[in-house]
Amino acid sequence: MKHSKRYLVGISALLVLVVGGGVALGRALNKDDDLMEDTTPKTMDVILTEIRSLMQDYSIEAYIIPSVDAHNSEYISLHDRRYQYVTNFTGSAGTAIIMLGKAAFWTDSRYHLQAENEIDPSYWTLMKEGLTGVPTRDEWLLSNLSPGAQVGTDPFLIASTEYERLGSVLAQHGYRLITLERNLVDIVWNNRPPQTAEDLRPLALTYTGQRASEKVQALRVILQENSANAIVVSALDEIAWLLNLRGSDIRYNPVFFAYLIVSHGNVHLFTNPDRINDTIRAHFSAEGIVVDVRDYRDILAGVEEYVRGGNRMIVSTACSQALYAAIPTEQRIQLYSVVAKMKAVKNAVEAAGMRRAHIRDGAAVVRYLHWLEQTVDGGNVTELSGAAKLHQFRSEQDMFVDLSFTAISAFGPNGAIVHYSPTEETDLPITRDGIYLIDSGGQYLDGTTDVTRSVHLGEPTDFQRECFTRVLKGFLSLGSAVFPVRASGTVFDVLARKALWDVGLDYGHGTGHGIGSFLGVHEYPPSFVSNSASPSNQGVVENMFSSNEPGYYQAGQFGVRIEDIVQVVKASVPYDFNGRGALTFYTNTLVPIQQKLIDLKLLSATEIAQLNAYHRRVLDEVGPLLLQQDDPDAFQWLTDATKEIVVVS
């Protein structure tokens, strides 16, 4: 039985906290009950007017609304999309700041074009992060605040590290960052979607390869090494991984709302107690752990109990300011998430499952690309209907549970919007007159997939071929790299960009992100980005999995991206980096790369040989499954798509 109820409401709306070591709280408000009675949708003018009235009650000049939930999740539930409610922006990353007389919204280059289409300039100034002349959030605040002003935020929605950084910047200029006991958006959001608490899914040892008791024991070793008594785990994917449980509280993410405190003698799970039924209790028993289940809203009380006992507690650098401030400085140990680093290295069972899942997923994508080629001339295929058809092909595969994210099904100019998602209003027909970019993935019991292919069903231009081929060159360079153990992710980012940089082209997103095993499609570490100081750039080790996804985007015309999931494996080289150890990548994704879009003059003989070898693997591993699934036409299409490239000199 599913529990779709208003149960897991935001903690910050229920508890009065003192956070931030002496930072003031705004006074309690009692007038919000009346606001909740009328569920008629409000205009943006009304929303901003009401928030500004509350800001004056709290004596703040600016209010920060980030795009995360209390667990610092990238993908969040509808219940937590506060920034979307106030801005209408539907992307997954951004920060809104409301002042009494103006408001601004910052988002990165993946979403610049999307934000232009969704943000109303009469209410919001769009700040395109990374562009010359665009002020940072810090700069904008410092140039607009009046002397001695206060800036407010929700302590559950700001990471402790960001709270400390921003608070320090503001304090240097005479301003004050404070946390409020009520989230102002929650007060005015009168038709807010309810938070869900769906049934949990135990994941068998067949898929996890390691019992929860073994993971907890490994965590306790880390506690001992750090002279700590307990650890607070707040990231949802980390909790799901530790307990070998999966949920569905956030769309496409098999996680559930919870906190976890693990000590040397106890495991405390803070979630909705209603869903800990006999099946879940039997799962805990089979996993060899005893779990004390407590109410989700009791997490701060649970931390306080350990604090009163004088215990030293580990929290992650990504934890909320609310959790961080609940632990006195002398009892607090803050580290980059130890659970994230454990989870990032897949065990043999997880790694084998990822490979199997990608074979089945490859069959689904091949069937879709074949279907698209056969159907496109009918004029009835659109971005939305195409994505739905691909979903159907995936759903027919063994062990399929759900998609891993909303498909980026983007034709022509929409392909230039990096994280575009088609809607009824933007849904373009797919034709032979442009490049079609399809970025999609699936959640399977034995693995998570994420694959992007760019195809032209007609005749590409010379410029489109050049862009595609330069992206391909970077993709092949990264995929074939040999490197030492713990190499920085920045190395791979440069490899992927070089062929584009050679002619003055580039792309505005990272080159690679980690991926879970029936968990998050984006997980960190590893991280292949230009910024060497990125916290998730922890160095690459064997059995980490990452995407390899360079691209190029011509605004208003087309987008090109090629993405595979690669596994870090041992390499054999003569000198082995003086005993440090050599690694390389094994490509898990098995979908052909369209040869029509390749300018062979730009490829070396080595690159052509690499592509031919990959295509032989695709045919050998996916082909038999297509025949088994009684789709000889798709098999023939795959045979043609993977034919050997022969260059006649």
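**Group meeting: a walk through the predicted model**

Okay, let's start with the record: the UniProt annotation "domain: Peptidase M24 C-terminal", from an unreviewed entry, covers residues 582-645. UniProt positions here follow the numbering used in this talk, feature names are shortened, and annotations may be inferred rather than shown by experiment. In the model, that span is 53% helix and 9% strand, and its end C-alpha atoms lie 30 Å apart. Helices (H or I, at least four residues) and strands (E, at least two) are DSSP runs, numbered from the N terminus.

Quick housekeeping. This is a predicted model, where local features need pLDDT of at least 70, side-chain atom pairs count only at pLDDT 80 or more, and totals for chains, interfaces and linings use all residues. Residues are numbered from 1 along each chain as its sequence is written, and side-chain values use heavy atoms, with hydrogens and water left out.

Now, the second largest pocket. What lines it, and which residues lie nearest its centre? There are 18 lining residues, and E373, Q594, Q595, W637 and A641 are the ones nearest the centre. Two or more residues each come from α15 (348-375), β22 (451-456) and α20 (632-641). Strand β22 gives the most, with 4 residues. A pocket, on a 1 Å grid over the protein atoms alone with a 1.4 Å probe, is an open set of points with protein on both sides within 12 Å along at least five of seven lines, and lining residues have an atom within 4 Å of a point.

Next, L48, which sits in helix α2 (residues 44-57). Is L48 buried or exposed? It's buried, with a relative accessible area of 1%. Buried means under 20% relative accessible area, exposed over 50%, and partly exposed in between (1.4 Å probe, protein chains only). Leaving out residues up to four places away in sequence, L48 touches I98, Y123 and W124; contact means heavy atoms within 4.5 Å.

The peptide bond from Y524 to P525 is cis, with omega near -5°, and another cis bond joins P525 and P526, with omega about 0°.

N72 has phi near 55°, a positive value in a non-glycine residue, and at 36% relative accessibility it counts as partly exposed. N578 also has a positive phi of about 55°, but N578 is exposed, at 79%.
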